[in-house]
Amino acid sequence: MTVDRSREDLIDLLAEQREIFRITLRGLDEDQARQRSTVSELTLGGLLHHVINTERHWTQVIVDRDENAEFDVSGMDTEYRMGPDETLEGLLAEWETVIARTTELIRGLDSLDESIPIPTAPWSPERMWWTARFILLHILREISHHSGHADIIRESLDGANTTYQRA
C-alpha cells in the first residue's frame, strides 16, 4: 500500500495540535475545568467541548455533502460550555472517537481536492464550496486557535501552561 504523505502529514499535524491542547488539561479537576479565570466566559472544559463539536461537525459536512444544509444555531448558547453531566475524562474519550473517525475519513477520501458544499448560516447566507482539504485545515485552525485560549486560561488558573506544569 502506498502512503499518501500529504494525508499522513495532515493527520500528524492534527495529532500534534490536539496533544498541545490536551497538555493544557493535564492534572485538572472537574471544578477547574469549569472555572473562569479571565474576563472571558471561556473555560477549559467549554473549549474542549467546542473543539470536539467543531471537529465532529466539519467531518460530518464532508461526509454528508448536503447542498441544502443550514447551520443549526440552536446550540450556540451552550457550544462553549461543559455540560453538567460531562466530565473531562468523558469528553477526552469522546474526542478519541471523533479523532479516529477523522483519521479514517482523511485516509478514505478519493481526493482532498473534492469540492464540498458548506452549510449556509445567518452570517454566511450564500452557499459556498470548500475543498475537503480546506475543511480539514479549518479544523486544524480551530484546534490551534483554541489551544492558545486554553493556555491563557490554564496559566490564569494555576500558573501551568503547555510548556510548564508544576509537579
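This is a predicted model: local features need pLDDT of at least 70, side-chain atom pairs count only at pLDDT 80 or more; totals for chains, interfaces and linings use all residues.

Let me begin with a term: a pocket here is an open set of grid points with protein on both sides within 12 Å along at least five of seven lines.

How much space lies in the largest pocket? The value is about 600 Å³. The lining of this pocket comprises 21 residues, and those closest to the centre are His50, His57, Trp58, Phe71 and Trp123. By class, the lining residues are ten nonpolar, seven polar and four charged.

Which elements supply at least two residues each to that lining? They are H3, strand S2, which spans 128-131, and H5. H3 gives the largest share, with five residues.

I turn now to the packing of these two helices. Helix H3 covers residues 44-64 and helix H5 covers residues 132-158; their axes lie 10 Å apart, at an angle of about 180°. Angles over 145 degrees count as roughly antiparallel, and H3 is therefore roughly antiparallel to H5. In the contact of H3 with H5, 14 residues are nonpolar, six are polar and three are charged.

Finally, I would draw your attention to Thr120, in the loop between strand S1 (115-118) and S2. Is Thr120 buried or exposed? Its relative accessible area is 13%; buried means under 20%, so Thr120 is buried. Beyond its neighbours within four places in sequence, Thr120 is in contact with Ala69, Glu70 and Phe71, and also with Pro125, Glu126 and Arg127. Phe71, one of these partners, is also among the residues closest to the centre of the largest pocket.

Methods: Residues are numbered from 1 along each chain as its sequence is written. Side-chain values use heavy atoms; hydrogens and water are left out. Axes are lines fitted to C-alpha atoms, for helices over the stretch in contact, and angles run from 0 to 180 degrees between N-to-C directions. Helices (H or I, at least four residues) and strands (E, at least two) are DSSP runs, numbered from the N terminus. Angles under 35 degrees count as roughly parallel, over 145 as roughly antiparallel, 65 to 115 as roughly perpendicular and the rest as oblique. Ala, Val, Leu, Ile, Met, Phe, Trp, Tyr, Cys and Pro count as nonpolar, Asp, Glu, Lys and Arg as charged, and the others, Gly among them, as polar. On a 1 Å grid over the protein atoms alone, a cavity is a set of points where a 1.4 Å probe fits but cannot get out, and a pocket is an open set with protein on both sides within 12 Å along at least five of seven lines; lining residues have an atom within 4 Å of a point. Grid points are joined across faces, edges and corners, and a volume is the space filled by probe spheres set on the points. Buried means under 20% relative accessible area, exposed over 50%, partly exposed in between (1.4 Å probe, protein chains only). Contact means heavy atoms within 4.5 Å.
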